[in-house]
Amino acid sequence: MKIDPEYQKLVLQIKQDGEKYADQQMQAVYGEQKSSLNELHKYLGLLYVKNAVNGLLNVTSVQKRAALADVDEQILSAEKSIGSAEAQAVSGILKHNYGDMYYKTAYVMDSGLKAGIKFGMLKPEYIDAAVKSPVDGEIFSDRIWNNKAAVADKLKQSFVGAMNGDTTIDQIGREIQHIFNVQAYESQRLVHTENARVQSAAIDDIGKSAGCSQQMFCATLEANTCAECAGYDGKYFDIDDDSKPDIPVHPECRCVYINVPPVSGWAPQKRRDNETGKDIGYKNYAEWAAEKGINNDNEYENNLVGIQTSNGITVTELSQHFGERSIERDVERKHVADALTNPLKVDNIRTDKQGRRSQRFIGEKATVNINPDTGAIITAWKTSKGKAKKLKGG
Ligand SMILES: [Zn+2]
């Protein structure tokens, strides 16, 4: 009997099933965020109906104080309820996925071994310890509550601005929408990061329990895998090595450690080429990229989402269109980041016939269109040398 030739592929599949489970479980939380946003929009509508003159709020300082106290209460209770739902959902996801990763990877390793591996059963206190393990001094629920407090602050600031009488209902409506989009993005990033951490802890724990002494780092064979993860791909580490790279290496990292089964002569066999979707004979990332002529220069891949533009828009996502077209046009992500944070020129917001809004950032090397309401990058292309020169006044 031998270890299943698809062993590491099966481990990856278990990990991906866990990621899918996490996304499904989070849907209810995103739903609650949306209904809170709707409530705030309704509240705003009433506020303007009662107090607006020529489209702007016109209130006395006494009215302002009373209204802000009321808004504070609305916001705090909304964020409290979102925070509890989120903390509960994330806790459930992490516990479920820790157990899943532990037992299912044990099963795929064990199914190829005559003698069977011996491993310890999970006790609730082990699961708890893995789920509640702090990162930089904070456990996941601390992070959730800090995020909610920050969202509540931003919302309050928007209302204070409106009370000062210089914001139309459309403007504040969009501001609030944007704050909620960023909140949803932060929630998603948090659950992905925590899930990757807990899945990785489960792999370490079952590996140690089953007597494995080594692990192989496994990244994804894909052109946009970041350079750091690609560089670790195929490398072996001692399971007890405290200096091995921590997974997740970065937000949205999809890497995984494969426990080397405690039998002699195991070597990885098949793996998936994510560019073609086909299984290929095992090769590490460097070998694969060299064969495909892929120049892996993607340090900025994961750094675009979350950055703030020069006028304060937080980038929440890269549209599918952006991902495909920007690579096709050979636009480097660092140039996109530079255009957004350090533009030569920012155009006024434009609205197309379908009512979709976009704003153009012209940087020295790249020009980027972004949706100012959602923070989604729509598209990007190279800035011509002539244009850059002209804008720089050269
Ligand atoms: Zn990675």
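Reply: A residue counts as buried if 20 or more other C-beta atoms, placed from the backbone, lie within 10 Å of its own. By that count, buried residues make up 34% of the 394 residues in the protein.

The model is predicted: local features need pLDDT of at least 70, side-chain atom pairs count only at pLDDT 80 or more, and totals for chains, interfaces and linings use all residues. Residues are numbered from 1 along each chain as its sequence is written.

The protein has 10 helices and 13 strands. These are DSSP runs, numbered from the N terminus: helices are H or I with at least four residues, strands E with at least two. The C-alpha atoms fill a box of roughly 80 × 55 × 35 Å along the principal axes.

Now the pair. Helix H4 spans residues 140-163 and helix H5 residues 169-209. They pack at about 175°, axes 10 Å apart. Axes are lines fitted to C-alpha atoms over the stretch in contact, and angles run from 0 to 180 degrees between N-to-C directions. H4 and H5 are therefore roughly antiparallel, a label for angles over 145 degrees.

On the H4 side, the contact includes Phe-140, Ile-144, Val-151 and Leu-155. H5 contributes residues including Ile-172, Ile-176, Glu-186 and Leu-190. Contact requires C-beta atoms, placed from the backbone, within 7 Å.

By class, this contact has nine nonpolar, three polar and five charged residues. Nonpolar covers Ala, Val, Leu, Ile, Met, Phe, Trp, Tyr, Cys and Pro; charged covers Asp, Glu, Lys and Arg; the others, Gly among them, are polar.

Technical notes: Angles under 35 degrees count as roughly parallel, over 145 as roughly antiparallel, 65 to 115 as roughly perpendicular and the rest as oblique. Two residues are in contact if their C-beta atoms, placed from the backbone, lie within 7 Å. A residue is buried if 20 or more other C-beta atoms lie within 10 Å of its own, exposed if 12 or fewer, and partly exposed in between; C-beta atoms are placed from the backbone.
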